[in-house]
Amino acid sequence: MRADVSSQPATHRLGSMKACAEPEQFYTAPAIVTTSRKFRFFDTIASLDDTHAMRPAIANINIENLRHNYRLLSSRAGHAKIMAVVKANAYGHGLALVSSALFDEGCRQFSVTDASEGMALRKLLPEAESIVLFSGIFDADDAGLARQHALTPAITGNHQLRLLQSAGFSGSVWIKINTGMQRLGADDPARLMHQCRASSIEIAGIMSHLACADTPEHPLNRAQAEEFSTLCQQLDPELPASLLNSAGLVALPDQMHDFVRPGLALYGAEPVPTEPLGVRPVMQLTGQVMHVREIAEGVSLSYGASFTAPDNMKIAVVSLGYGDGLPRILSSCGQAYARGTWFPIVGRICMDYCLIDCTTNHLKPGDTVEFWGEKLTVSTVSDLAGTIPYELLTGVGTRVCRRAI
Ligand SMILES: Cc1ncc(COP(=O)(O)O)c(C=O)c1O
């Protein structure tokens, strides 16, 4: 059956649609390209000219919206400092674009996953006050990178401390404690802190991570907050402390402590949609119409011939597919936005292309088509795809051009 086309916002229309139900495929995205001279210094892969040679699968990165989000979260954080979470290529937005814009906006504390991400960020921002490694260090090479690039690992055990000592590391570390997430956290934080101090490694602070902050009423939030405060008091009340991620800013506004660690909200997805912070979308994922084809009634489309035209149709072939991060599960159930209206995705999404139904609203080759952004939020699309915005954003492929707008 052909999905209908409407000029209504997709958020209205998608509300009644069920999440799609096919397996999907995702990719990570380290490539960074920009057409903005302002960010040229930070480009890591392609030059301005290369951008023009790339196929039109483009993630437009709205730097002004990113700055707005940073300012909004800073004011929400009050006296607490923002430690901007820019791991996984800044949640797929491009580490260089994002970190330089945040630095310009006054951000000096950043966090990434591991030493190689930390090294990349240190090269981009030699003056960042602190680059925290959430996963700490894994081996001697990481410890060497932490020393060489003045990185600040979040550690959980003596084995990491020994690696740092062997590498001649004399910087500072965060101590990660478990308050209910049951993921990372020191078994004996008091002992670990004692060992750090005995080896002249400074302790930058104590941090923990919330498991259920996107459900503000969940009792685990308050339980974790209380456990965190108790442990910080026992361990060293003078040390800086950090508990909140993006959703934590909504769920536990009385628990800012010294540093807050927003990721998702910086990129403009509401961490708790029922209590919006007012963040603005940063990424607009687009493809371009390559070809418009007339399809006769009864003809099937794309791989698997899973969609058959119920009438004569017009189909636009668009240059974005699952190899770029468009979830394949949106085959015949997703939406796209172009020329002020909505277009259903029809047939199976391919690696490099998808097909959209433009029978009743005209499209022509060269038209830009949005798959998420201002018109269709990444959270709406992720709901439809049965996943979370984090997965869609970090899944935007390496060959998608990140372009600052
Ligand atoms: C330890 C830690 N803090 C903060 C964050 C940021 O979380 P969010 O993107 O939900 O703000 C993450 C993300 O996974 C994390 O692992």
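Colleague: In this predicted model, what do the buried residues of helix 6 pack against?

Modeller: The buried residues of helix 6 pack against helix 4 (87-91), helix 5 (95-104), strand 3 (109-112), strand 4 (130-133) and helix 7.

Colleague: What makes helix 6 mostly covered, and which of its residues are buried?

Modeller: Helix 6 spans residues 115-124, and seven of its 10 residues are buried, namely Ala-115, Glu-117, Gly-118, Ala-120, Leu-121, Arg-122 and Leu-124. A residue is called buried here because 20 or more other C-beta atoms lie within 10 Å of its own.

Colleague: Why are helix 7 and helix 8 called oblique to each other?

Modeller: Helix 7 (residues 140-148) and helix 8 (residues 158-166) pack at an angle of about 60 degrees, with their axes 8 Å apart. Angles of 65 to 115 degrees count as roughly perpendicular and those under 35 as roughly parallel, so the pair is described as oblique. The crossing of the two helices is right-handed.

Colleague: Which residues meet where helix 7 and helix 8 come into contact?

Modeller: On the helix 7 side are Ala-140, Ala-143 and Ala-146, and these meet Leu-163, Leu-164 and Ser-166 in helix 8. By class, this contact has five nonpolar residues, one polar and no charged ones.

Colleague: How do the residues of the shell around the ligand divide by class?

Modeller: The shell divides into seven nonpolar, four polar and one charged. Among the residues that surround the ligand are Val-85, Phe-134, His-209, Asn-245, Arg-261 and Gly-263; of these, Arg-261 counts as charged, because Arg is grouped with Asp, Glu and Lys.

Definitions and conventions. Residues numbered from 1 in each chain as written. Predicted model: local features only at pLDDT ≥ 70, side-chain atom pairs only at ≥ 80, totals over all residues. Axes fitted to C-alpha atoms, helices over the stretch in contact; angles between N-to-C directions. Helix = DSSP H or I, 4+ residues; strand = E, 2+ residues; numbered from the N terminus. Parallel < 35°, antiparallel > 145°, perpendicular 65-115°, else oblique. Left-handed = near helix turned anticlockwise from the far one by under 90°. Contact = placed C-beta atoms within 7 Å. Buried ≥ 20, exposed ≤ 12 C-beta atoms within 10 Å, placed from the backbone. Near = placed C-beta within 6 Å.
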